[in-house]
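Thanks, everyone. I'll keep this short.

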Amino acid sequence: MTQNDIDLYKQLVKTIFKMRYKGSILGFLWVLLKPFFMFLILFVIFSATAGAAGGLTSKQYAVYLLSGLIIYTFFNEGFTWGMNSIMDRADLIVKINFKRSIVVISALTMALINFIINFCIIGGIGIALDIKYLPNCLAYVLLICFVMFLGMYGISFFTSIWRVYVRDLTHISELVLQLLFYASAVFFPVEMVPEKYRFIISYNPLAVFIQAVRNALIYGEITHLKFVLASLAFSVILVFIGKSYFDKHILKIAEHF
Amino acid sequence: MEDNIAVSLKNINKKFVIPVNGKKDTLQERFVNPFHRTKYIEFQALKDLSFDVKKNEFFSVIGPNGAGKSTLLKIVSGIYIPDSGQVVVNGKLVPFLELGVGFNPELTAKENVYLNGTILGLTKKEIDEYIDEIFEFAELKEFANLSVKNFSSGMAVRLAFSIAIKVKSDILVLDEVLAVGDGEFQKKCFNYFDSIVGRKTILFVSHGLEAVKKYSDRVLWLKEDKTYEIGDPVEMVDKYSKTF
């Protein structure tokens with residue numbers, strides 16, 4: 001890692017960030033507004049029924065819904081942007097020989113920045129509704145997000161390469177992410193899902209992460225610790241395997257755009 | 001490798017595999033017709049090519065379209081990997097296959113200097129140091145905070161050129177970018193080239209045969225049938241000119 005690599009990484013993140021909101025009047029506020037309105041709509045429609053089915057007060061349901069939305073959005077953006085990162089910078093890759101993995105990490109950093117901003121909404125809502133989060137629970141939530149970040153980084157090493165060869169991947173991932181939205185119990189309590197289908201949620205890592213975040217924020221309980229630690233180990237391994245896969249296959253990528 | 005060699009290529013082969021009816025990347029093709037194999041044609045871009053470029057030599061590559069000139073530059077630059085053969089580069093190589101790589105029209109000129117500069121290998125600190133000189137050379141000082149989309153193509157390329165010459169390198173790979181902009185700016189470009197000829201290794205691809213004759217120490221002529229000749233610039237250019 002040279003100084004130029006670091007500077008290039010910062011420049012790419014800055015550029016993506018500026019480009020995303022350049023020219024729009026509300027600009028950067030859109031990062032906050034989009035999930036907030038999504039939250040508002042779902043909250044108005046579902047707070048009575050969904051909250052009651054899960055035995056949640058409407059305050060608790062607000063945190064329940066918000067944490068689900070924000071964790072899901074983090075995964076959605078990280079996965080999608082990581083996958084598209086190489087393809088999106090084809091213009092550079094065919095002209096200059098720089099460290100290609102910088103493109104991947106800068107795309108993921110963008111998702112992380114959005115997540116951190118969104119996470120502040122959780123804090124804001126908490127203050128507004130007078131909900132107290134325990135510090136160790138907040139730390140646990142950040143650990144979970146770190147694990148997710150590593151996991152998505154590892155996955156992106158594969159998907160960013162596959163994306164160049166299989167153009168369908170964009171559509172496939174859109175579909176899968178859409179299904180995942182429902183399979184992760186983002187806005188409804190698990191109790192609303194018929195018994196025989198609940199295994200989908202209990203075997204879905206994203207749903208488990210969301211559940212753990214909720215337990216930490218709503219009840220102040222640290223749950224699924226073993227799963228989170230196992231995922232951490234798995235993600236670290238995934239990053240290493242992914243990196244070597246990436247390094248091997250990136251060499252030929254410039255010919256396939 | 002000898003000390004006075006900057007770039008060395010040995011027995012380079014490069015083949016491209018191209019689907020006959022355009023891209024066949026979608027799964028639909030495979031669903032609709034799982035047993036249909038896409039037909040590919042092979043295109044041999046470079047065949048058994050070997051040459052050395054000496055340190056501080058001006059080495060030009062000429063030849064018709066499709067002879068493999070651009071492929072060669074991309075292989076030397078590390079963008080393509082040869083199928084077989086060996087590439088050794090001795091020193092810091094910067095490819096200028098295009099000026100203004102990564103330029104973003106929405107960003108201001110200044111922002112683009114930082115973006116393009118880091119892509120070319122400069123650090124932020126170095127750019128901080130050079131930024132005034134860059135705008136000075138490009139004669140665009142008063143436009144530093146303007147979006148590049150409002151620039152004429154000449155202005156954009158002037159800016160790009162001014163960044164490019166600030167990049168520290170031992171070996172320059174140039175694809176047809178010798179001089180850009182209007183007459184006056186072109187003069188500045190040529191002055192710059194005069195100042196580096198003999199002090200840096202330059203690998204140059206061009207259809208501008210006059211420039212090739214004027215600057216080159218040696219010329220590589222790539223032919224359509226994948227044979228090649230290396231020799232004296234005047235002789236090579238004359239021979240090549242007789243083929244059309």
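**The interface of chain A and chain B**

Chain A and chain B bury about 2,600 Å² between them, and 59% of that is on carbon and sulfur atoms. On the chain A side, K95(A), I96(A) and E255(A) lose the most area to chain B. Together, these three make up 22% of what that side buries. Keep in mind that this is a predicted model.

Now the contacts. 30 residues of chain A are in contact with 33 residues of chain B.

How many salt bridges does the rule find across the interface of chain A and chain B? Four. Here is one to look at: K18(A) with E111(B). The closest N and O atoms of that pair are 2.9 Å apart.

Next, polar contacts. Eight residue pairs are in polar contact across the interface, with both residues at pLDDT 80 or more.

Which helix gives the largest share of the side of chain A that touches chain B? That is α1(A), with nine residues. Helices α1 (3-21), α4 (90-93) and α6 (135-165) of chain A each supply at least two residues of that side. By residue class, the side of chain A that touches chain B has 14 nonpolar, ten charged and six polar residues.

**A surface patch on chain A**

One last item. F37(A), L40(A), I41(A), V44(A) and I45(A) form a nonpolar patch on the surface. Together they have about 480 Å² of accessible area.

Technical notes: Residues are numbered from 1 along each chain as its sequence is written. Chains are lettered from A and ligands numbered from 1 in the order in which they are written. This is a predicted model: local features need pLDDT of at least 70, side-chain atom pairs count only at pLDDT 80 or more; totals for chains, interfaces and linings use all residues. Side-chain values use heavy atoms; hydrogens and water are left out. Contact means heavy atoms within 4.5 Å. Buried area is the accessible area (1.4 Å probe) that two parts lose on being put together, summed over both. A salt bridge is a side-chain nitrogen of Lys or Arg within 4 Å of a carboxyl oxygen of Asp or Glu. A polar contact is a pair of N or O atoms within 3.5 Å; within protein, one must be able to donate a hydrogen and the other to accept it, and residues adjacent in sequence count only if both atoms are side-chain atoms. Helices (H or I, at least four residues) and strands (E, at least two) are DSSP runs, numbered from the N terminus. Ala, Val, Leu, Ile, Met, Phe, Trp, Tyr, Cys and Pro count as nonpolar, Asp, Glu, Lys and Arg as charged, and the others, Gly among them, as polar. Patches are made of residues with over 30% relative accessible area and no salt bridge: like charges are joined within 9 Å, nonpolar side chains (Val, Leu, Ile, Met, Phe, Trp, Tyr) within 5 Å. Accessible areas come from the Shrake-Rupley method with a 1.4 Å probe; for residues, only the protein chains shown count as cover.
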